[in-house]
Amino acid sequence: MTVLKVSAQSSPKAVAGAMASIVRELGSAEMQAVGAGAVNQSMKAIAIARGYLAPGGINLVAIPSFVEIVIEGQVKTAIHFRVEPR
């Protein structure tokens, strides 16, 4: 499964559109965010995607967890969101 990588500069509407498309196609989506700004944009995207999918009867939930990833040779802690219908 493709993991959407969200940054503090990511457009929440663009991420939400990608997420909604993935959920419609595959049934669930995954995102990763490093830093407070990226987590903020991720949460906005989840809220927007819920609005996109609700008219079709899809109620999204997000399950957060911590993951360690390597960026430029350094280990960082990221927030991983699994987004799926309830």
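Threonine 77 touches Val34, Phe66, Val67 and Glu68, leaving aside residues up to four places away in sequence; touching, or contact, means heavy atoms within 4.5 Å. Keep in mind that this is a predicted model, where local features need pLDDT of at least 70, side-chain atom pairs count only at pLDDT 80 or more, and totals for chains, interfaces and linings use all residues. Numbering starts from 1 along each chain as its sequence is written, and side-chain values use heavy atoms, with hydrogens and water left out.

**Threonine 77**
- You'll find threonine 77 in strand 4; strands (E, at least two residues) and helices (H or I, at least four) are DSSP runs, numbered from the N terminus.
- Threonine 77 counts as partly exposed because its relative accessibility is 47% (buried is under 20% relative accessible area, exposed over 50%, partly exposed in between, with a 1.4 Å probe and protein chains only).
- From threonine 77 to alanine 49 it's 28 residues in sequence and 25 Å in space, C-alpha to C-alpha.

- Four strands make an open sheet in the order 1-2-4-3, with mixed pairing (two strands pair if DSSP finds at least two bridges between them).
- Strand 1 (3-6) and strand 3 (60-71) sit at the edges, each pairing on one side only.
- Strand 3 pairs with strand 4 (residues 74-85) in the antiparallel sense, over 12 bridges.
- Opposite isoleucine 71 stands glutamine 74 in strand 4.

**The helix on the sheet**
- Helix 2 (residues 36-53) packs on the sheet and touches strand 1, strand 2 (29-33), strand 3 and strand 4.
- The direction of helix 2 makes about 10 degrees with that of strand 4 (axes are lines fitted to C-alpha atoms, for helices over the stretch in contact, and angles run from 0 to 180 degrees between N-to-C directions).
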